[in-house]
Every structure is written in C-alpha cells, then in structure tokens.
Amino acid sequence: MKIALLDNVRRNHAIEHATVTLLLERGARAPMGGYSISPGFVIWSRASLEEVALAARDALDLLNAGESDLAISPYCGTNIVTYTVVGALAARIFAGSKKNFWSVVRGAVAALVAAAILGRPLGRLIQRHFTTLPNVAGVELVEIRELFKNPVTVVWVSTTTWPD
C-alpha cells in the first residue's frame, strides 16, 4: 500500500514536470510551479485553465510514448535540496575544525564549487531514480479544474492509476 502511494506521487510528479515543460515551451512565463501528491498534482502559473489542461493531457501522452526525459526538470525542488546538501557538506568538510576567517572562506568557496559542479547532475539522478516515475502506463487524468485565478491560475489535476 505504501509503495503504491509513493509510486502514485512519483508518477504525478513526472506528469507535473512534463506539464510545466510543455507550458514553458508554449510560451507560458514565470511564476510557475507545481506540487504532487498521491491523488494528483497542482500547477500554478499565468496560463489559462485550458492551456494547463491541454499541456497535462499532452504530457501524459508523451510520457506514455516514451518521452521520459520530460519527467526531469532543472527547476525541481529536488535540485534545490541537492544543491543545499552538497554545499553544506562541502562547507563542513573544507572549513575544518578551526573557525578562523580563512577556514570559513575556504569552506564557502568549496560549497559554491561543489554545489555548482555536483548539484545539477546529482539532482537529475535523484529525480530519475527516486522522486519521479515516468512510466505512467495506467494513469488517467480524472478531473482538471481551476481552484482560483488571481494573482496566478491554480489548477488541480486529479489522477487515478489502473492496475496493469
């Protein structure tokens, strides 16, 4: 049961990412984001309900057609967490136990360099293997509705997953 719930979140996260990617490709502009849970996902953007609905349907179709890279987003919160953890670890390791000016500077520089070099590929890897699941076979978009419109449009997309 817990695995099925987690897989639903991961599938919805993949569809959410693909939907945002398509909205961006189609000219939607910031602010934009999303959040996924087991029964669906929410998208907030300046796009209309109709644009989000079309992008969500197309996202599901493209993922089903094997376009799994749409599930990985450079804007995902997973990346932010990854950059932060990598930077914090590097700062801690390179600052050492002495708390003088130069050890703090050394730790800060190491944090920036490590986050810049490792953050993006590690974030993509974590998304690919842990936080998204682009195999959306059996997923159906049940309802797409606008929750509110100002200052951005917030759209709820509910999903269901049918067993294989």
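The model is predicted: local features need pLDDT of at least 70, side-chain atom pairs count only at pLDDT 80 or more, and totals for chains, interfaces and linings use all residues. Residues are numbered from 1 along each chain as its sequence is written, and side-chain values use heavy atoms, with hydrogens and water left out. The protein chain has 4 helices and 4 strands. Buried residues account for 41% of its 164 residues.

**Overall fold**

- Along the sequence, the elements of the protein chain run α-β-β-α-α-α-β-β.
- Helices (H or I, at least four residues) and strands (E, at least two) are DSSP runs, numbered from the N terminus.
- Taken along the principal axes, the C-alpha atoms of the protein chain fill a box of roughly 60 × 40 × 25 Å.
- For accessibility, buried means under 20% relative accessible area, exposed means over 50%, and partly exposed lies in between (1.4 Å probe, protein chains only).

**Helix packing**

- Helix 3 (residues 77-95) packs with helix 4 (residues 101-131) at an angle of about 145 degrees. Their axes are 6 Å apart.
- Axes are lines fitted to C-alpha atoms, for helices over the stretch in contact; angles run from 0 to 180 degrees between N-to-C directions.
- Helix 3 and helix 4 cross in a right-handed sense. A crossing is right-handed if the near helix is turned clockwise from the far one by less than a right angle, and left-handed if anticlockwise.
- The contact of helix 3 with helix 4 has 13 nonpolar, 10 polar and 3 charged residues.
- In this classing, Ala, Val, Leu, Ile, Met, Phe, Trp, Tyr, Cys and Pro count as nonpolar; Asp, Glu, Lys and Arg count as charged; the others, Gly among them, count as polar.
- Gly-77 is found in helix 3. With a relative accessible area of 40%, Gly-77 is partly exposed.
- Gly-77 and Asn-100 are 23 residues apart along the chain, and their C-alpha atoms are separated by 33 Å.

**Largest pocket**

- The largest pocket holds about 190 Å³ of space.
- It is lined by 13 residues, and those closest to its centre are Val-20, Met-32, Gly-33, Gly-34 and Tyr-75.
- A pocket is an open set of points on a 1 Å grid over the protein atoms alone, where a 1.4 Å probe fits, with protein on both sides within 12 Å along at least five of seven lines; lining residues have an atom within 4 Å of a point.
- Grid points are joined across faces, edges and corners, and the volume is the space filled by probe spheres set on the points.
- Helix 1 (2-25) and strand 1 (33-37) each supply at least two residues of the pocket lining.
- Helix 1 gives the most to the lining, with 5 residues.
- By class, the lining has 6 nonpolar, 6 polar and 1 charged residues.

**Aromatic pair**

- The structure holds 1 aromatic pair. The ring centres of Phe-101 and Trp-102 are 4.9 Å apart and their planes lie at 80 degrees, so the pair is edge-to-face.
- Rings of Phe, Tyr and Trp (its six-membered ring) pair if their centres lie within 6.5 Å; planes under 30 degrees apart count as stacked, over 60 as edge-to-face and the rest as tilted.
- Phe-101 is exposed at 57% relative accessible area. Trp-102 is exposed too, at 61%.

**Cis peptides**

- Ala-30 and Pro-31 are joined by a cis peptide bond, with omega about 0 degrees. Pro-31 sits in the loop between helix 1 and strand 1.
- Asn-150 and Pro-151 are also joined by a cis peptide bond, with omega about 5 degrees. Pro-151 sits in the loop between strand 3 (139-148) and strand 4 (153-161).

- Phe-41 lies in strand 2 (residues 40-45). Phe-41 is buried, at 0% relative accessible area.
- Phe-41 and His-13 are 28 residues apart in sequence; C-alpha to C-alpha, they are 7.3 Å apart in space.
- Glu-16 lies in helix 1 and counts as buried, at 6% relative accessibility.
- Glu-16 and Leu-60 are 44 residues apart in sequence and 9.3 Å apart in space, C-alpha to C-alpha.
- Arg-57 is in helix 2 (residues 49-64). Arg-57 is partly exposed, with a relative accessible area of 46%.
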